[in-house]
Amino acid sequence: NKVDSSGGGSNGGKHSTHRPQHGVPCATCNASNGSCVEPPTIAPSNLTGVMIGRACREHPAMFWDVDRYFYGEASNPCRNRREALEEYCLFLESCFPRRCCDGDARKSGRIPTPKVEMFTSGGCPICKEFYGGHDDGHDDVRSTAISTEERNVLFKEQAAKEKLTSATISRSLTPIRGLFFGVYGGKCFKTQCDKLAKDRRVRNCGPGYIVRKAMATIPAELLDAPFVKTEDLAEGDVPVHISPSGCH
């Protein structure tokens, strides 16, 4: 059925003969697969849903402009990949706090995670590069009550325990592994995420630590490169399909 630009598909019980400005498939946008890339003010009458499929997992950056372009917001939450990853790290650190600095044997596999008491707020010898004494905003009271030798023994004991499961780490990294999809030089981010996810020594430091560590391997110019507005993309740059071969 043809649809007009206002989204109506009929006129007095008969199909409109007016050539649609935009529709699905869209003759105006003239994309190779018939897609309409114009932000809709009213959904076409023959549009009942949109299948995203692998795209949200394999190329999440393609949705960076949705708030502004499709929903009319003044701006998007993040302007580049660094900002998006920083926000996601804070989310992960809230949902799945690190478990390398507590003596609690319970596992953090679901939300809400167990509330535990850390014997230091400054991070373990592995993750202190990011959490050195300022991650929670709390004073490191307990760490001053035990010696450095005792604290190192505690760190070693906790490192041998799997408190943050491999499934938790994998689920946490899946939404952002492909954030540098199609970016020259950005594949190392995905590689580093996968490598760290398998490293039992860092697992209890939490998925937030793993993402921050992977970010440290990416050049600043890639992290800080501004996302390109949808209307400024050439048709060849608009992602329309991700083949299975490009998902790994």
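Colleague: What does the accessible surface of the protein come to, and what share belongs to carbon and sulfur atoms?
Modeller: The accessible surface is about 15,100 Å², and carbon and sulfur atoms contribute 54% of it. Such areas come from the Shrake-Rupley method with a 1.4 Å probe.
Modeller: This is a predicted model, in which local features need pLDDT of at least 70 and side-chain atom pairs count only at pLDDT 80 or more, while totals for chains, interfaces and linings use all residues. Residues are numbered from 1 along each chain as its sequence is written, and side-chain values use heavy atoms, with hydrogens and water left out.

Colleague: What is the mean pLDDT?
Modeller: The mean is 79, and 74% of the residues reach 70 or more; pLDDT is the predictor's confidence in each residue, from 0 to 100.

Colleague: How many helices and strands are there?
Modeller: The protein has nine helices and zero strands. These are DSSP runs, numbered from the N terminus: H or I of at least four residues for helices, E of at least two for strands.

Colleague: Which residues touch the most other members of the largest nonpolar core?
Modeller: They are Leu85, Leu173, Ile176, Phe180, Phe189 and Val211, in a core of 36 residues. Helices H3, H6, H7, H8 and H9 each give two or more residues to this core. A nonpolar core is a set of buried (under 20% relative accessible area, 1.4 Å probe, protein chains only) Ala, Val, Leu, Ile, Met, Phe, Trp, Tyr and Cys residues joined through side-chain atoms within 4.5 Å.

Colleague: And how much of the protein is buried?
Modeller: Buried residues are 36% of the 248.

Definitions and conventions:
Buried means under 20% relative accessible area, exposed over 50%, partly exposed in between (1.4 Å probe, protein chains only).
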